[in-house]
Amino acid sequence: MKRIALIAHDHMKDKMIEWCSKHRAVLARHELCGTGTTAARIRQETGLDVKGYKSGPLGGDLQIGCAVAEGRIDIVIFFSDPLTAQPHDPDIRALLRACQVCDIPLANNPSTADYIVTSPLLDK
């Protein structure tokens, strides 16, 4: 079982819900967490069990980054919005850096996330 973090910026939340619904059977076999609103919406709209951290702008991205650094997250699926400035951009960059330093698979879009959750390595 993998520990998967699910994060989506406001304009990407619907796309994250759609992606989670598409891969519900696979995701249900893993331990899921996410930032505040994203986790709540996934739980509400897909029925998946997702542990919620704080909202991203209130420190949720940093909480997940800490979990990555502590070895408590195996995969990060982060549908970021490249067209909208984020006031908590330093927190986002810290999370992305933690994934890179800790060699954690990171998907920033549905296509990459599809590759990760359909990989035979997911169950190893």
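Analyst: Two strands are taken to pair if DSSP finds at least two bridges between them. With that criterion in hand, and bearing in mind that this is a predicted model, one can begin with strand E1, which spans residues 3-8. Strand E1 is joined by four bridges to strand E2 (residues 31-34), and the two run parallel; within this pairing, Ile-4 stands opposite Leu-32 in E2. Strand E1 is also joined to strand E4 (residues 75-79), here by five bridges and again in a parallel arrangement, with Ala-8 standing opposite Phe-79 in E4. Five of the six residues in E1 are buried, that is, under 20% relative accessible area, so the strand is largely enclosed by the rest of the structure.

Helix H4 (residues 60-69) packs with helix H5 (residues 89-101) at an angle of about 15 degrees, their axes lying 9 Å apart. Because angles under 35 degrees count as roughly parallel, H4 and H5 are roughly parallel to each other, and their crossing is left-handed. On the H4 side the contact involves Asp-61, Leu-62, Ile-64, Gly-65 and Val-68, which meet Asp-91, Ile-92, Ala-94, Leu-95, Ala-98 and Cys-99 in H5. The residues of this contact divide into eight nonpolar, one polar and two charged, where Gly counts as polar and Asp as charged.

Notes: Residues are numbered from 1 along each chain as its sequence is written. This is a predicted model: local features need pLDDT of at least 70, side-chain atom pairs count only at pLDDT 80 or more; totals for chains, interfaces and linings use all residues. Side-chain values use heavy atoms; hydrogens and water are left out. Buried means under 20% relative accessible area, exposed over 50%, partly exposed in between (1.4 Å probe, protein chains only). Axes are lines fitted to C-alpha atoms, for helices over the stretch in contact, and angles run from 0 to 180 degrees between N-to-C directions. Angles under 35 degrees count as roughly parallel, over 145 as roughly antiparallel, 65 to 115 as roughly perpendicular and the rest as oblique. A crossing is left-handed if the near helix is turned anticlockwise from the far one by less than a right angle, and right-handed if clockwise. Contact means heavy atoms within 4.5 Å.
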